[in-house]
Amino acid sequence: MRKIFFHLILVTVIVFWTLIKVPKLLHQYLSERRVTHERKVTECDENSTVIEQNVEIFANLDDWWNPRGKLSTLHKFNVIRIPFIQNGILAHTGINTLNNIKILDVGCGGGILSEGLAKAGALVTGIDASAALIMIAKEHRNLSSGLPNSNPIYHHNTIEEHVKTHPNYYDAVVASEVIEHVNNPKLFLKSCVETLKSGGVIFLTTPNRTIWSYLTVIFFCEKVISIIPKGAHEYSKLITPRELSEMLTENNCSVVSNQGIILNIITRHWQFIKPRSLMYAIQAVKLN
Ligand SMILES: C[S@@+](CC[C@H](N)C(=O)[O-])C[C@H]1O[C@@H](n2cnc3c(N)ncnc32)[C@H](O)[C@@H]1O
């Protein structure tokens, strides 16, 4: 009896130790990787937002328009992100249609979100650092019924180049699942905001930088069930809601909405939730 009792105590102590210690060790490990990564980033070209190896990962995917392919999660994401953007713009401007609203989709990839926004009535410009993806986006637009060849329009370009010819031009800017893939996110965000008219709206969606997002987005979704391309996310490049809000404020923007997002891995359905520990969507307005 004494022996069983002793073993029970021992097992309980081990379980508790593991529950407390493992997340701490994981956090320590990830933080060290972050420091190493930041050292590497400072050696990158600070005037460019592009990380070539990361852009290649998405450019190498040939099934952008397969709703059950490697990018099926982005297709499903349209179900909640298009109303989020549409309602955000309508509520802010007080108008009742997206018709003639100029939206810039930064890092548009193969055009999954750009086409959705164009079908909702907006005049969309999609830009991406990958020439191959801009080609895919153009080809798909030309085949899509109900879309003229001039909407969305696509350019192979980075935001820091695009802003030079389009400052204070757009009513809204969208960067969905992009800021976590760029070099120099401060330059990226500053350039996005500079393309906005004053009073314009910016929308960003991105994973948070937490142990939970590491375990779900990077470990589980990339490495275990492969519903996200392997190597697409680097923990150290993830940005927290607070960091992003601060960056927006530094760029003369006022945050009006900041919500958590979750993907149900079984049904593959997205929904907005209160906690932002996994992913989040932020909406901000450029002040005068
Ligand atoms: C995860 S995909 C998101 C695609 C699209 N926004 C969507 O949600 O359907 C990330 C995209 O960002 C693009 N990208 C990465 N860095 C970029 C940069 N600095 N400038 C423009 N595009 C970039 C990649 O080429 C890729 O197409």
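This briefing walks through an annotated loop and a strand hairpin.

Welcome to a predicted model, in which local features need pLDDT of at least 70 and side-chain atom pairs count only at pLDDT 80 or more, while totals for chains, interfaces and linings use all residues. Residues are numbered from 1 along each chain as its sequence is written.

**The annotated loop**

- An unreviewed UniProt entry places the feature "binding site" at Glu177, Glu180 and His181; UniProt positions follow the numbering used here, feature names are shortened, and annotations may be inferred rather than shown by experiment.
- Glu177 sits in the loop between strand S4 (170–176) and helix H7 (185–194); helices (H or I, at least four residues) and strands (E, at least two) are DSSP runs, numbered from the N terminus.
- His181 also has its place in the loop between S4 and H7.

- Glu177 counts as buried because it has 22 C-beta neighbours inside 10 Å (buried: 20 or more other C-beta atoms within 10 Å; exposed: 12 or fewer; partly exposed: in between; C-beta atoms are placed from the backbone).
- His181 is buried too, with 23 other C-beta atoms within 10 Å.
- Leaving aside neighbours within four places in sequence, Glu177 is in contact (C-beta atoms, placed from the backbone, within 7 Å) with Leu74, Thr205 and Thr206.
- With residues up to four places away in sequence not counted, His181 touches Ile51 and Asn54.

- Strands S6 (residues 253–264) and S7 (residues 269–273) run antiparallel and are joined by 5 bridges; two strands pair if DSSP finds at least two bridges between them.
- Asn264 has His269 in S7 as its bridge partner.
- The hairpin leaves 4 residues between S6 and S7, and Arg268 in the turn has a positive phi of about 60°.

Technical notes. Contact = placed C-beta atoms within 7 Å.
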